Every structure is written in structure tokens, then in C-alpha cells.
Amino acid sequence: HCRMGQEERTSGGGLSTTILAIEFDGGVVLGSDSRVSAGASVVNRVMNKLSQLHDKIYCALSGSAADAQTIAEVVNYQLDVHSMEIGEDPQVRSAATLVRNISYKYKEELSAHLIVAGWDRRKGGQVYATLNGLLTRQPFAVGGSGSSYVYGFVDAEYRKGMSKEECQKFVVSTLSLAMNRDGSSGGVAYLVTIDEHCTEEKVILGNDLPTFYDQPPKYP
Amino acid sequence: ANKVGCSLPSARKTGTTICGIVFKGGVVLGADTRATEGMVVADKNCSKIHYISPNIYCCGAGTAADTEMTTQLISSNLELHALSTGRLPRVATANRMLKQMLFRYQGYIGAALVLGGIDCNGPHLYSIYPHGSTDKLPYVTMGSGSLAAMAVFEDRYKPDMEEEEAKQLVRDAIAAGIFNDLGSGSNIDLCVISKSKVDYLRPHDEANKKGVRTGDYKYKRGTTGVLTKVVAPLDLEVVEETIQTMDTS
């Protein structure tokens, strides 16, 4: 799984963030934190960074808020047109390609990284990373400034063939750890689970997130 | 750097406190009224709540010219759009138009906006940043006084407030910005938008009334005694008489 550095632009709404997506047999789980910061100030503490591109295709936004939101909205429009042209639901790879084309063409001007994940009939659940204009399918992908703190955790804890519930627990744990350590991530955790039958959006409030060894030591 | 001569005047900014809140039945927008040019107050009573459409208003922080021109442009385009669709314009439409224009200019248009209004889908409130990102929230603050105002909101906001309670909360949030931020000052303007009416309250609260002088340094006529008076008329003759017509075409 390639390590990806994260450049940050700190003007009017940066989404430096923690985002991740993981594939299971029959679908995907996407997760994100909810903090949008402008310098040292948090301008939105409840932003849902999991943006819907199509019925069963979502993308996770990170980097510059303006760039990421604009890319997601443009691709949403392009996918609408494309799915009407082909007369059926688009493939996840098509959505990822549209995102990648914009990221690559404007790579000098843009500062955003979108992880595209979803379910389609042909290949089931898929996760694609589009950083800097590449397109690669991965079993799972993490992104954003908070991802640096959890590479060790995800590399150690990931196992092939996890079930949907195990994947959700994996995503929530990863987000909780990253939000604890990264100043640019925080707020609540948003979770989206996509499979053949349904698309489920969930919010997990701060105090419901799993805690790890956080307690201060008890010295006499 | 230009060491000789005088430096260029800085752009007039509205270092500002603007905010908005969604209450039961509509939105309340609030703004202070100070416009600054560097460290000098250029306008003590400027209007920062701009008209977009009969059901949508927008507060603007940042470069005064940018907020003024941007809101006027989108207001005009939205009116044409509404005539084309035959429907009352939606807040989401105004939001899209504003964010797409600001993104196109990559942040060079320094307009940070709080857009609020009511449409067929209910009341909506958006905050729009100069680079083109937007947030849809129940309460937002922008400008240099945004932290002070947000502190008030985070303490006292509740969903589905009554109109009077919402107005008082917005008034208090702007007051926090006015008194704790150097870039904000003067009076508090409010705009209450609901299904049936729009109340543009300017000013809603004169938080900084100019004081009345208690004393006067004028001397009455006769304080100084007059000893002599000489009147000498000046004999002037008309040398040339020209007529300059005004251009009234």
C-alpha cells in the first residue's frame, strides 16, 4: 500500500483530515472525521466529508476544502450525465477515473486528495486512491494529515476477508486513534457502508468513539 | 518597498463580525457596521447585509468592494434565472452560483459570505469562503470577530428557537464581536427572513451611540470689546465672463 505524503494549503477552509475506505466481500466502508480548519481556527466541526457521487459510489474528501468540494460536485455532475448515456448505474472505476482526470490535469493548481469507493454489479466493492493523479485499486486506502499517525495501526490490524461489521469496527478504531493524535482531525466520525442492498450513513459522536490507552498514569 | 513618497492606500476591508442562525420558521442574519481602511475607520455605518432576492439575503466580510459587487452580480443573475424557471429562487442555487464564481477566481476575490434565506424546502444557512468552499450549518459566523460571536452561539444556541430569542442571540453574538474585536464596531444590523415577511432592521441596536458634549468652547458675541471698526469697499471690475455648459445629456 503506497505511502502518500499530504500537502496542505492553509487558507479559508482546509480539510486536512483523516479519511479511509476499506473493501469487504460485497461492499465497502468509508469513514472520515468532521473537522474543517482555517489556520488555528475550526470553522466547521461537523462537516460530512463523505460526499455522494452516485447511488452506490461515494468519495472521501481531504486537502483544500474548496478544491475537494468542487471536484466532487463536478464529478457528481459528470457521473449523472454518463449514467444517463449508458442507461445504467456507473462503475466505480468510471467515477474514480473522472476524479483522477481532474486531479491529474490540474495537479499543479489543486491541493486535494479524494478516495473513491463504492459497489457495482461487475466487481462488487472497490476502493480507489487518486492522489496526485494516479489511479490505483487497493483493498483499503487512508488519506489526509491524520493518516500518518495510523499507518502502523492499519498495516498491523488489517486482515484479508474481514466481514462488514469487522470492517466498520476497523474504520471506527482507526478514526478514533487518528483524531486523538492529529490536531487537524476531530469532531465526530462519519461512516458510510455501501453494499448490494443498501447504502447506510451513520454518525458516531465523540463520546461514543472507542477509547484506547488514554488514562493518565496513577502515580502515588 | 517604496521608501520615498506615500504608500498606496490599502483596500477598504470590512474587518467584521457577521453571523446567521436558523430558527423555527426562518433565519436571522446579523452584522456590525464598521468598515476599516487599515487602522482607520472608513465608514462608521456601512451596510453589510446585501439583498440577493426577496427571500434570500447575504452578509459579507472581507474586501468591501468584492462583497458588494459579487452579491450584486449573483442577485442579478438569480433574478434572471428565477424568471426563466418561473419559481422563487432557492438558497442552494445562490450558494452554487457564489461558490462557482469564487472558486474560478481562486481566492483573489476576498469575499467571505454568510448566505441565508427561506425557500420551498425551508430555511437554509450557508457560509461561503473566498476560495469557494461552503458549509451548510444551523449557525455560522465569519469575519475577524467570528471567534467572539461563535463563543456566544456555542453557549446558547438551541434548535427551533422562537423569533425573539433568535434575534436576541444574534444581537448578543454581534455585540461580542463589536466589543472584543478591533476590526468590528458601531451598530448592529439584523435581517429576519421568514415565510411571510422580511424584517430588515437597520439599525437594530445602536450599541455605540456618539456621546453628547457636556461643555462648549464657543465665546458669545461681545466677550471681546470692539475699540474701532473700519469698512473699506474693494473696487473690482469684471475682466472676462465665460459660460461653461453642463453635460446633461
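Reply: Here is a tour that starts at the interface and then goes into each chain.

A quick word on ground rules: this is a predicted model, where local features need pLDDT of at least 70, side-chain atom pairs count only at pLDDT 80 or more, and totals for chains, interfaces and linings use all residues. Residues are numbered from 1 along each chain as its sequence is written, chains are lettered from A and ligands numbered from 1 in the order in which they are written, and side-chain values use heavy atoms, with hydrogens and water left out.

Let's begin where the chains touch. On the chain A side, 17 residues are in contact with 14 residues of chain B (contact means heavy atoms within 4.5 Å).

Now for the charged pairs. A salt bridge is a side-chain nitrogen of Lys or Arg within 4 Å of a carboxyl oxygen of Asp or Glu, and three of them run between chain A and chain B. One of these joins the side chains of A:Arg45 and B:Glu154, at 2.5 Å from N to O. As for which parts of chain A face its partner, β4 (41-44) and α1 (65-86) of chain A each supply at least two residues of the side that touches chain B. The biggest giver is α1(A), with six residues. Helices (H or I, at least four residues) and strands (E, at least two) are DSSP runs, numbered from the N terminus. By type, the residues on that side of chain A divide into six nonpolar, six polar and five charged.

Over all chains, the structure holds 18 salt bridges. Inside chain A, the side chains of A:Arg137 and A:Glu23 form one, 3.3 Å from N to O. A:Arg137 lies in strand β9 (residues 136-138) of chain A and A:Glu23 in strand β1 of chain A, so this pair ties together parts that are 114 residues apart in sequence. A:Arg137 is partly exposed, at 37% relative accessible area, and A:Glu23 is partly exposed too, at 24%. On this scale buried means under 20% relative accessible area, exposed over 50%, and partly exposed in between (1.4 Å probe, protein chains only).

Chain B has its own pairs. The side chains of B:Asp205 and B:Arg171 meet in a salt bridge at 2.5 Å, N to O. This pair links distant parts of the chain, with B:Asp205 in strand β13 (residues 198-205) of chain B and B:Arg171 in helix α4 (residues 163-180) of chain B, 34 residues apart. Both B:Asp205 and B:Arg171 are buried. They also belong to a network of salt bridges that links B:Arg156, B:Arg171, B:Asp172 and B:Asp205.

Finally, B:Arg202 forms a salt bridge with B:Asp189, the closest N and O atoms being 2.9 Å apart. B:Arg202 lies in strand β13 of chain B and B:Asp189 in strand β12 (residues 188-194) of chain B, so the pair ties together parts 13 residues apart in sequence. B:Arg202 is partly exposed at 33% relative accessibility, whereas B:Asp189 is buried at 1%.

Terms used:
Nonpolar A, V, L, I, M, F, W, Y, C, P; charged D, E, K, R; others polar.
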